[in-house]
Amino acid sequence: MVNIKDIADKANVSIATVSNVINNRGRVGEETRKKILKIIDEVNYQPNVIAKSLKLNKTNDIGVIVEDISVFNAPEIINGIHAAAEEKGLSILLTNMGLFKKNGNQYPEISKCEELALPLFNQLISNQVEGIIYIGIHSRDITGLIPDSKIPIVYTYCYTKNENDYSVNYDDEGASYQITKYLINKGHTQIGLISGLINSVSSYARFQGYQKALSEHMLMFNPQFVKTGDWQYESGYRMTQDLLNQENIPTAIIAMNDLMAAGAIQAIKDNRHQITNDISVVGFDNRELSSYISPRLTTMSLPLEEMGKKAMEILDQIRNKYPVNQKKYRLDCQLVERDSVYSLE
């Protein structure tokens, strides 16, 4: 295998001069540079990237730990990470915990999650990654899951309570507030809410946004209009049946994810009500199904790809010792209007 010394001997120059040409640095005469480049091309010289990275203490590799790659939010976040990394000439080492497959929606204690995450963390450290992005499958506190490390870590779709940890999430409360206000502006004052799991941080934040919008418009909060689901289609169907069996029926229903919204729409149809004439439905997440159910679902789009890009941007700033403006980022969601909401005005 040809090495840098062989090239130096052929060009009758020093090894340092060849190194300067390869790394595009230092002062090298134009004729000498052309001669060295010609020899490099002739002998098909391939620099030893691994040796170079060890010498510079840089691998240009970024580790990604995803709690479950099969969950809807993960692919888009990973796409954002990959796009941003590609722009910066970085490579991604992706690892998957398979947490949802193993535990479903009932997330185990941090100690149990740690058993799955720690081997992947150690694997990435042994591969000398320059930083790690950790992707959760549900917005929640994972303080203590990843051990303290000298390499930078950015959390997305999850967070820690440590002030010095970096995280990128979206604004759950603001998004729910925006949805509720949107329905109020359409003339709806009787607005039902189908929540996710009661112990979910997202459920609580979205409930807060719902209450805030009602309060600002001086609308009475009706606890009978709030039902607790479990993020699945069937619970959206059952909770909507409960809302429709009450004496006072809402004119609009907010489901805290699109799967429950789809269940709500089916329940409304089965009870001989009409969407957009009798009851409006709004979802959350903007999953692919929201464009195909009938009527097409008005929903809140999460900035998943942007979260991945932002996490990568922060990590790159840290590894290059550039200042980062803040530690905890919350990106805005975007309302996507389709056909499942009607106006009472």
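Predicted model: local features only at pLDDT ≥ 70, side-chain atom pairs only at ≥ 80, totals over all residues.
Residues are numbered from 1 along each chain as its sequence is written, and side-chain values use heavy atoms, with hydrogens and water left out.

**View 1. Helices α2 and α3 cross at roughly 80°.** Helix α2 covers residues 15-22 and helix α3 covers residues 30-43, and their axes come within 10 Å of each other; helices here are DSSP runs of H or I with at least four residues, strands are runs of E with at least two, and both are numbered from the N terminus. Axes are lines fitted to C-alpha atoms, for helices over the stretch in contact, and angles run from 0 to 180 degrees between N-to-C directions. The two helices are therefore roughly perpendicular to each other, a term for angles of 65 to 115 degrees, whereas angles under 35 count as roughly parallel, over 145 as roughly antiparallel and the rest as oblique. On the α2 side the contact (heavy atoms within 4.5 Å) is made by Thr17, Val18, Val21 and Ile22, and on the α3 side by Thr32, Arg33, Ile36, Leu37 and Ile40.

**View 2. Strand β6 is largely enclosed by the rest of the structure.** Five of the five residues of β6, which spans residues 191-195, are buried, where buried means under 20% relative accessible area, exposed means over 50%, and partly exposed lies in between, with a 1.4 Å probe and protein chains only. In a regular strand the side chains alternate between the two faces of the sheet. In β6, Ile191, Leu193 and Ser195 lie on one side and Gly192 and Ile194 on the other, and both faces are covered.

**View 3. An open sheet of four strands has the order β7-β6-β8-β9, with parallel pairing.** Strands β7 and β9 stand at the edges with a single partner strand each, so one side of each is left without a neighbour in the sheet. The twist averages 15° from one strand to the next. Strand β6 pairs with β8 (residues 252-255) over four bridges and with β7 (residues 226-228) over three bridges; two strands pair if DSSP finds at least two bridges between them. Leucine 193 stands opposite isoleucine 254 in β8, while serine 195 stands opposite threonine 228 in β7. Helix α8 (residues 172-185) lies across β6, β8 and β9, running at about 170° to β8.

**View 4. A second open sheet, of six strands, has the order β2-β1-β3-β4-β5-β11, with parallel pairing.** The edge strands are β2 (91-96) and β11 (328-331), each of which pairs on one side only, and the twist averages 20° from one strand to the next. Strand β5 (residues 166-170) pairs with β11 over four bridges, and tyrosine 170 stands opposite leucine 331 in β11. Helix α5 (residues 73-87) lies across β1, β2, β3 and β4, running at about 160° to β3.

**View 5. Glutamine 334 lies in strand β12.** This residue is exposed, with a relative accessible area of 53%. Leaving aside its neighbours within four places in sequence, glutamine 334 is in contact with Thr299, Met300 and Ser301.
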